[in-house]
Amino acid sequence: MDQLPDRAQVEIDVFSGRPNPTWELGRTDLTVLLGLLQKLSKVKSAAGAANGLGFRGFKVNFLTGGTQRELYVKGSSVIDGAQRFSDNHKTIEKFLLAKMPPELHDQLVDVLPH
């Protein structure tokens, strides 16, 4: 990504049949997230999107001008378009959990990863 995105919207993929909760990352958090992403190691394959009920991961939509880019994070698997990364310490997932609005965290605490 050549320039800092204008916005980053985080969606927690947790509900079936109704809209998933979302929130925006501020500029500082967006910069931190992109820095964490740059530290990851690329892999040839990673786990695909999770199916089933309950927590299925995070989707981060980066918006730059009219262009959108989606990042999918579930545990140690990070998918950025066609690029796949391994995050052995689940750094990005933990970061997104920490940036979740407290009231949303309280509502979903039973289904969130620990």
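Which residue stands opposite Ser 77 in S6? Lys 74 takes that position. This report describes a predicted model.

## The S5–S6 hairpin

Strand S5 (residues 67-74) and S6 run antiparallel and are joined by 4 bridges. The hairpin of these strands has 2 residues between them, and Gly 75 adopts a positive phi near 60 degrees there.

In a regular strand the side chains alternate between the two faces of the sheet. In strand S6 (residues 77-80), Ser 77 and Ile 79 point one way, while Val 78 and Asp 80 point the other way. All of these S6 residues are buried.

## Pairings of S7

S6 also pairs with strand S7 (residues 83-86), in the antiparallel sense and over 4 bridges. Ser 77 stands opposite Ser 86 in this pairing, and Val 78 stands opposite Phe 85. S6 and S7 form a hairpin with 2 residues between them. Gly 81, in the turn, has a positive phi of about 65 degrees.

S7 has a further partner in strand S3 (residues 41-43), to which 3 bridges connect it in the antiparallel sense. Here Ser 41 stands opposite Ser 86.

## The loop between S7 and H2

Lys 90 is located in the loop between S7 and H2. Most residues other than glycine have a negative phi. The phi of Lys 90, however, is positive, near 55 degrees. Is this residue buried or partly exposed? Lys 90 counts as partly exposed because its relative accessibility is 37%, a value that lies between the limits of 20% for buried and 50% for exposed.

## Packing of H1 and H2

Helix H1 (residues 27-38) and helix H2 (residues 91-99) have axes that come within 10 Å of each other and cross at roughly 165 degrees. H1 is therefore roughly antiparallel to H2, since angles over 145 degrees fall in that class. The crossing of H1 past H2 is left-handed.

On the H1 side, the contact involves Asp 29, Val 32, Leu 33, Leu 36 and Leu 37. These meet Thr 91, Ile 92, Phe 95, Leu 96 and Lys 99 in H2. Classified by residue type, the contact comprises 7 nonpolar, 1 polar and 2 charged residues.

Note on methods: Residues are numbered from 1 along each chain as its sequence is written. This is a predicted model: local features need pLDDT of at least 70, side-chain atom pairs count only at pLDDT 80 or more; totals for chains, interfaces and linings use all residues. Side-chain values use heavy atoms; hydrogens and water are left out. Axes are lines fitted to C-alpha atoms, for helices over the stretch in contact, and angles run from 0 to 180 degrees between N-to-C directions. Angles under 35 degrees count as roughly parallel, over 145 as roughly antiparallel, 65 to 115 as roughly perpendicular and the rest as oblique. A crossing is left-handed if the near helix is turned anticlockwise from the far one by less than a right angle, and right-handed if clockwise. Contact means heavy atoms within 4.5 Å. Ala, Val, Leu, Ile, Met, Phe, Trp, Tyr, Cys and Pro count as nonpolar, Asp, Glu, Lys and Arg as charged, and the others, Gly among them, as polar. Buried means under 20% relative accessible area, exposed over 50%, partly exposed in between (1.4 Å probe, protein chains only). Two strands pair if DSSP finds at least two bridges between them.
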